Amino acid sequence: MPHLARFSSLAPRWALAGLLALCGAIGAPAGAQTPGAPGAAPPASAGAAQGTRVTLQGIMGNKALLVVNGRTAKALSPGESLGSVQLVAVKGEVVTIRVDGAQSDLHLGETQASVAGGAPPVGGSQISMASDASGHFLAEGLVNGKPTRFMVDTGATSVAMSLADAVKLGVDYQKGRAVQVSTANGVAPAYALKLHSVRIGDVEVFDVDAVVTSQRMPYVLLGNSFLNRFQMRRDADILVLTRR
C-alpha cells in the first residue's frame, strides 16, 4: 500500500474523522499548462455578449468578497461598487447586490448573472479565496467544464473527489488506475487518474492528477497537484494563488 499524505490544518474536521489521508500513489504534479492544449477554451470574440457574472466567495464581518466576471476577488463594504456591481447590504450569509440597476440577493457560494451566457474567458493568473467561519478556503469552479465546489487542502497529494462527485462531473474514473486509500474506517478502493482541466474563475489548469475515492466528501479537495502550479500567499482571511 502506498505511503499516504496527511491532511493539513486546513482540512475540515469531517475529513480528519473519515479520511486520514489521500493516496500518495499519484505521480509528481504535471507541468504548467501547455498553450493551445486540446479542449482549451477558445478566446472570446470581441462581439460576444458576456453579461455580468457575480460570485460571492466569502463574508468578513460587514464586507463581502465578490468575484465579477471571473476576475480577482475584491472585498466590498455596503455602498461600494466593482464595475457595474454594487454591494447594497450584508446580512448573515446573504448579501444584497445591485447589478445593472437590478437588485437581488446572493447566498454564500452562489453565482448570478444579469445575462445568460458562458463562463468568463480564461487567461487569468490569480485566484482569491476567502476563509469560511471554520477557517477553510472554498471556491466555486469547474472540473472538465462542469461546475463544482472546491475546498483547499494543502496536505493532500492530489485533487480528490467522491464517487458521487465523479459521476456528477462526468469523470470516467473506471478508466483510472486502481489504488487503495487508508481511512479511519479501514482500507478503501480508489482510482488514480488525470483530470483534463480544473478551473476557478478565469484561471484554468490542465492535466491535473486526481483521486476518486469511495469515501463521501462534501467538497472536491484542491490538493497539491493543483496548488503546486501556484505561489500561495495568505493575507488575513484571504488566500491568494498566483500562477507560477
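Aspartate 153 is buried, with 0% relative accessible area, where buried means under 20% relative accessible area, exposed over 50% and partly exposed in between, using a 1.4 Å probe and protein chains only. This is a predicted model, in which local features need pLDDT of at least 70 and side-chain atom pairs count only at pLDDT 80 or more, while totals for chains, interfaces and linings use all residues. Residues are numbered from 1 along each chain as its sequence is written, and side-chain values use heavy atoms, with hydrogens and water left out.

**Around aspartate 153**

Aspartate 153 sits in the loop between β13 (146-152) and β14 (159-162). Helices (H or I, at least four residues) and strands (E, at least two) are DSSP runs, numbered from the N terminus. The side chain of aspartate 153 reaches the backbone nitrogen of glycine 155 at 3.1 Å. This is a polar contact, a pair of N or O atoms within 3.5 Å; within protein, one must be able to donate a hydrogen and the other to accept it, and residues adjacent in sequence count only if both atoms are side-chain atoms. Which residue is 70 residues apart from aspartate 153 in sequence and 5.3 Å apart in space? It is glycine 223, with the distance taken from C-alpha to C-alpha.

**The chain as a whole**

The chain comes to 3 helices and 20 strands. Of its 244 residues, 44% are buried. The accessible surface is about 11,400 Å², and 51% of it belongs to carbon and sulfur atoms; such areas come from the Shrake-Rupley method with a 1.4 Å probe, and for residues only the protein chains shown count as cover. Among contacts between residues at least 6 apart in sequence, 58% join residues at least 24 apart, a contact being heavy atoms within 4.5 Å.

**Strands and their partners**

Strands of a sheet pair through backbone hydrogen bonds, either parallel or antiparallel. Here, two strands pair if DSSP finds at least two bridges between them. An open sheet is formed by 4 strands in the order β6-β7-β8-β9, with antiparallel pairing. β6 and β9 (102-107) each have a single partner strand and stand at the edges, so one side of each is left without a neighbour in the sheet. Strand β8 (residues 94-99) pairs with β9 over 6 bridges in the antiparallel sense, and valine 94 has histidine 107 as its bridge partner in β9.

Further along, β19 (residues 230-235) and β20 (residues 238-243) run antiparallel and are joined by 6 bridges. Most residues other than glycine have a negative phi, and most peptide bonds are trans. Asparagine 144 also has a positive phi, of about 50°, although it is not a glycine. Asparagine 144 lies in the loop between β12 (138-143) and β13.

**Cores and rings**

How many residues does the largest nonpolar core have? It has 29, and those with the most contacts inside it are Met129, Met161, Leu195, Leu222 and Phe226. Strand β17 (residues 203-213) gives the most to this core, with 5 residues. A second, separate core has 13 residues, including Leu56, Ile59, Val99 and Leu106. A nonpolar core is a set of buried Ala, Val, Leu, Ile, Met, Phe, Trp, Tyr and Cys residues joined through side-chain atoms within 4.5 Å.

The whole structure holds 2 aromatic pairs. The rings of phenylalanine 226 and phenylalanine 230 have centres 5.0 Å apart and planes at 35°, so this pair is tilted. Rings of Phe, Tyr and Trp (its six-membered ring) pair if their centres lie within 6.5 Å; planes under 30 degrees apart count as stacked, over 60 as edge-to-face and the rest as tilted.

**Two serines**

Serine 197 belongs to strand β16 (residues 186-200), and its side chain makes a polar contact with the side chain of glutamate 204 at 3.2 Å. Serine 77 lies in the loop between β5 (74-76) and β6 (81-82). Leaving out residues up to four places away in sequence, serine 77 touches Asn62, Lys63 and Leu87.

The table gathers some accessibility values.

| Residue | Relative accessibility | Class |
|---|---|---|
| Phenylalanine 226 | 0% | buried |
| Phenylalanine 230 | 1% | buried |
| Serine 197 | 4% | buried |
| Serine 77 | 16% | buried |
| Asparagine 144 | 29% | partly exposed |
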